[in-house]
Amino acid sequence: MKMSSWFSKITGQSLTLDNLENVLKLQLRDLYSAEDQLISALPKMAAAAHSRDLKSAFETHLRETRQHKTRLEQAFRMLGCEPKSESCDAMEGLVEEGQEIIDMDGDPEVKDAALIAAAQRVEHYEIAGYGCARTFARRVGRNDVANLLQETLDEEGNADKILTDIAETWVNAQAARA
Ligand SMILES: [Fe+2]
């Protein structure tokens with residue numbers, strides 16, 4: 001029987017949900033796995049993108065994503081623990097959905113519209129994760145960690161906005177003509 005990811009994280013890493021700092025650490029482990037999975041997925045998304053703008057947005061976000069992983073490692077160390085990755089099942093599902101689109105045949109602009117939709121789901125997942133982690137960090141008095149997470153949160157928000165701009169200004173209009 002498959003254990004829930006939260007349960008396996010708690011049992012596997014002997015963290016219990018009896019204080020907010022542990023919840024913060026669990027969030028960071030989940031995000032660490034998510035970023036790691038994205039570092040593998042984004043080059044495939046970039047290769048599959050037809051629009052030059054979309055390709056370059058994915059490539060830029062890949063560079064940012066590597067930095068996000070480094071910042072998480074920094075955050076773990078600031079909290080006095082080793083960076084740990086626990087398989088993030090949610091991100092695995094989102095990446096799989098992206099891969100399904102990559103593998104599908106179709107009109108290039110329509111496919112770009114679908115790739116953007118998949119990528120924005122990923123961004124919103126990360127925005128939720130970083131937003132909660134940032135708030136937990138503040139709540140336990142770790143503004144240093146909170147500020148670091150906020151930097152990443154801002155970049156995730158910006159990446160999401162760029163995807164919206166590309167979709168609204170070009171891709172969706174082209175896709176609608178297909
Ligand atoms: Fe990220």
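The model is predicted. An iron ion is held by protein donors from Glu 35, His 68 and Glu 156. Helix α2 packs against helix α5, and α2 also packs against helix α3. Helices α3 and α6 form another packed pair.

**The iron site**

- The donors to the iron ion are Glu 35 (OE), Glu 35 (OE), His 68 (ND1) and Glu 156 (OE).
- The site has 4 donor atoms, with angles of 53 to 141 degrees among them. Its geometry is irregular. Four donors count as tetrahedral only if all angles lie between 85 and 135 degrees, and the range here runs from 53 to 141 degrees.
- Along the chain, the donors follow the spacing E-x32-H-x87-E.
- Glu 35 sits in helix α2, residues 20-48, and Glu 156 sits in helix α6, residues 143-177. The pair therefore ties together parts that are 121 residues apart in sequence.
- Glu 35 is buried, at 0% relative accessible area. Glu 156 is buried as well, with a relative accessibility of 0%. The cut-off for buried is under 20%.

**Helix α2 against helix α5**

- Helix α5 covers residues 108-139. Its axis and that of α2 are 10 Å apart.
- The angle between α2 and α5 is about 160 degrees. Angles over 145 degrees count as roughly antiparallel, so α2 and α5 are roughly antiparallel to each other.
- The crossing of α2 past α5 is left-handed.
- The contact of α2 with α5 has 17 nonpolar residues, 2 polar residues and 5 charged residues.

**Helix α2 against helix α3**

- Helix α3 covers residues 52-78. The axes of α2 and α3 come within 9 Å.
- These two axes cross at roughly 155 degrees. The helices α2 and α3 are therefore roughly antiparallel.
- α2 passes α3 with a left-handed crossing.
- By class, this contact of α2 with α3 has 15 nonpolar, 3 polar and 9 charged residues.

**Helix α3 against helix α6**

- The axes of α3 and α6 come within 10 Å of each other.
- They cross at roughly 165 degrees. That makes α3 roughly antiparallel to α6.
- The crossing of α3 past α6 is left-handed.

- Pro 108 lies in helix α5. It is partly exposed, with a relative accessible area of 35%.
- Pro 108 and Leu 15 are 93 residues apart along the chain. Their C-alpha atoms are separated by 47 Å.
- Arg 139 is also placed in helix α5. Its relative accessible area is 66%, and it is exposed.
- Arg 139 and Leu 20 are 119 residues apart in sequence. In space, they are 8.1 Å apart, C-alpha to C-alpha.
- Val 140 is in the loop between α5 and α6. It is partly exposed, at 29% relative accessible area.
- Val 140 and Glu 21 are 119 residues apart in sequence. Their C-alpha atoms are 6.6 Å apart in space.

**A residue in helix α6**

- Leu 153 has its place in helix α6. It is buried, with a relative accessible area of 11%.
- Leu 153 and Met 104 are 49 residues apart in sequence. From C-alpha to C-alpha, they are 31 Å apart in space.

Conventions
Residues numbered from 1 in each chain as written. Predicted model: local features only at pLDDT ≥ 70, side-chain atom pairs only at ≥ 80, totals over all residues. Heavy atoms only, no water. Donors = N, O, S within 2.8 Å, 3.2 Å for Na, K, Ca; no water. Tetrahedral: all angles 85-135°; square planar, octahedral: opposite > 155°, others 65-115°. Helix = DSSP H or I, 4+ residues; strand = E, 2+ residues; numbered from the N terminus. Buried < 20%, exposed > 50% of the residue type's maximum accessible area, 1.4 Å probe, protein only. Axes fitted to C-alpha atoms, helices over the stretch in contact; angles between N-to-C directions. Parallel < 35°, antiparallel > 145°, perpendicular 65-115°, else oblique. Left-handed = near helix turned anticlockwise from the far one by under 90°. Nonpolar A, V, L, I, M, F, W, Y, C, P; charged D, E, K, R; others polar.
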